[in-house]
Amino acid sequence: MRIANHNSRAVLLTSEEAGVDIHAASEGRFGPDLPSLYNDWEAFAAWANGFTSPGDDVVINRAQLGSPSPAPRQIFAIGLNYSEHAKESGFDAPEQLPPVFTKFVSALTGPDTTVELPDGGNTDWEVELVAVIGKTASNVPAAEAWAHVAGLSVGQDLSERISQLRGPAPQFGLGKSFAGFAPVGPWLVTPDEFEDPDDLELGCSLDGEELQKGRTSDLIFSIPALIQGLSETVTLLPGDIIFTGTPAGVGVGRSPQRFIRPGETLISRIEGIGEITQTFVSAAQ
Ligand code: ZN
């Protein structure tokens with residue numbers, strides 16, 4: 001199934017244009033918003049699998065879509081998780097769990113947005129598969145990891161490279177957490193919807209020019225491996241978001257380097273999920 005955060009309410013989609021309000025359809029048992037759905041995910045999924053829609057009561061307006069998990073308690077992001085991207089970044093591919101950092105939750109938005117470019121910054125693109133946790137995970141082996149995932153979505157790990165890389169040691173959290181730097185959407189797709197949820201094509205283009213194209217089967221640490229590795233240290237909570245890493249083709253790894261300019265439009269897409277669109281403007285003076 002596909003679930004949208006539409007107007008801050010959980011909607012079970014019947015197409016990309018319409019769906020059913022989950023709170024109304026379940027007679028108040030689930031929802032009304034996405035966070036309450038994740039807190040009771042297993043019961044909700046069981047109900048939804050047996051649910052037959054009496055007819056759509058919501059028309060989807062993309063401008064009203066929010067992040068499929070709008071209030072995660074934790075956002076994890078993974079660096080250097082595709083070998084070609086590690087190479088273009090000047091690092092060896094990781095053998096242990098790759099670098100883990102956070103994108104602060106205030107940077108999180110829905111799928112279609114206008115983003116202000118930080119003044120004097122070098123803002124870069126990183127299309128990423130995003131996983132949303134549906135069940136508390138602590139010390140979960142990889143073989144059981146998918147059962148802890150509510151679903152998948154498209155994310156952009158927008159990154160301002162000057163503040164990310166300056167100083168005595170690189171820091172990722174702030175350079176990747178400017179306002180609007182964590183768009184996610186357009187909706188959540190449950191893992192059972194994919195023929196193989198570990199092998200999806202993803203990519204992005206800027207003003208129509210393709211910049212990144214890869215497959216999630218090339219992830220060095222797959223979603224199950226990430227959940228196993230992360231949950232050895234931290235407890236993953238329902239609604240938590242994991243940005244799983246980006247394939248090759250980012251601007252900082254190009255020769256010459258290239259960054260996003262005001263007026264440009266970035267479209268990021270993943271097979272079987274959909275696309276998200278960011279348009280960039282200069283910082284307000
Ligand atoms: Zn990233």
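Strands here are DSSP runs of E with at least two residues, helices are runs of H or I with at least four, and both are numbered from the N terminus.

Before going on, the source. This is a predicted model, in which local features need pLDDT of at least 70 and side-chain atom pairs count only at pLDDT 80 or more, while totals for chains, interfaces and linings use all residues. Residues are numbered from 1 along each chain as its sequence is written, and side-chain values use heavy atoms, with hydrogens and water left out.

Strands β15 (residues 201-206) and β16 (residues 209-215) run antiparallel and are joined by six bridges. Two strands count as paired if DSSP finds at least two bridges between them. C204 has Q212 in β16 as its bridge partner. Two residues sit between the strands, and D207 takes a positive phi near 50°.

Both strands belong to an open sheet of five, ordered β9-β19-β18-β15-β16, with mixed pairing. Its edge strands are β9 (112-117) and β16, each pairing on one side only. On average, neighbouring strands of this sheet are turned by 20° against each other, direction ignored; the axes are lines fitted to C-alpha atoms, for helices over the stretch in contact, and angles run from 0 to 180 degrees between N-to-C directions.

Next, the metal. Which residues coordinate the zinc ion? They are E126 (OE), E128 (OE) and D157 (OD), at 1.9 to 2.1 Å. Donors are N, O and S atoms within 2.8 Å of the metal (3.2 Å for Na, K and Ca), and water is not among the atoms, so sites may look incomplete. Along the chain the donor spacing is E-x1-E-x28-D. E126 lies in the loop between β10 (123-124) and β11 (127-133), and D157, 31 residues apart from it, in the loop between β12 (149-156) and β13 (159-160). E126 is buried at 5% relative accessible area, and D157 is buried at 0%. Buried means under 20%, exposed over 50%, and partly exposed in between, with a 1.4 Å probe and protein chains only.

Last, the core. The largest nonpolar core has 74 residues, and W41, F44 and L152 have the most contacts inside it. Such a core is a set of buried Ala, Val, Leu, Ile, Met, Phe, Trp, Tyr and Cys residues joined through side-chain atoms within 4.5 Å. Strand β11 gives the largest share, six residues. Domain 1 (2-65) and domain 2 (67-281) both contribute residues, so this core lies between them; the bounds come from an automatic or database domain assignment.
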